[in-house]
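Subject: Structure for your files

Hello,

Here is the structure you will be working from. My notes on it follow below.

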Amino acid sequence: MNAQERIGVYIAENGIRQSFVAQKSGIDLAVFNRIILGKRAMRADEYEKICIALHKQPNDFMCVS
C-alpha cells in the first residue's frame with residue numbers, strides 16, 4: 001500500500017471528509033479526489049500539505065521496510 005492509499009484509508013476510517021482535507025491543504029477537491037483514488041500522482045508539496053491538514057507526520061503514511 002502506498003502513501004496515497006494509506007491516506008485514503010486513514011480519512012475513511014476516521015470519518016474525515018475529503019472536502020475538509022482538500023480545503024485545509026489548499027488542494028482543489030477534484031485534484032485531491034484523483035490523488036486519493038490513485039488516478040493522479042501526489043507531488044511532494046501536496047503530501048506535506050495533506051499531512052499538515054491531518055496533523056500527522058510524513059512518516060505516518062510511509063511504508064517502512
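**Notes on the model**

Glu-46 is located in helix H4 (helices are DSSP runs of H or I of at least four residues, numbered from the N terminus). This is a predicted model, in which local features need pLDDT of at least 70 and side-chain atom pairs count only at pLDDT 80 or more, while totals for chains, interfaces and linings use all residues. Residues are numbered from 1 along each chain as its sequence is written, and side-chain values use heavy atoms, with hydrogens and water left out.

Glu-46 counts as buried because its relative accessibility is 4% (buried is under 20% relative accessible area, exposed over 50%, partly exposed in between, with a 1.4 Å probe and protein chains only). Apart from neighbours within four places in sequence, Glu-46 is in contact with Ile-27, Val-31, Ile-35, Arg-40 and Ala-41 (contact is heavy atoms within 4.5 Å).

Helix H1 covers residues 3-13, and its buried residues are Ala-3, Gln-4, Ile-7, Gly-8 and Ile-11. They sit on the same side of H1 because they cover an arc of only 140° around the axis, taken from the directions from the helix axis to the C-beta atoms. An α-helix has 3.6 residues a turn, so residues three or four places apart point the same way. Ala-12 and Glu-13, on the other side of H1, are exposed. The cover over the buried residues of H1 includes helices H2 (18-25), H3 (29-36) and H4 (44-53).

The axes of H2 and H3 are 9 Å apart, and the two helices pack at an angle of about 115° (axes are lines fitted to C-alpha atoms over the stretch in contact, and angles run from 0 to 180 degrees between N-to-C directions). From H2 the contact is made by Gln-18, Ser-19, Val-21 and Ala-22, and from H3 by Leu-29, Phe-32, Asn-33 and Ile-36.

Finally, His-55 lies in the segment after H4. His-55 has a positive phi of about 55° although it is not a glycine. Most residues other than glycine have a negative phi. His-55 counts as exposed because its relative accessibility is 75%.

Regards
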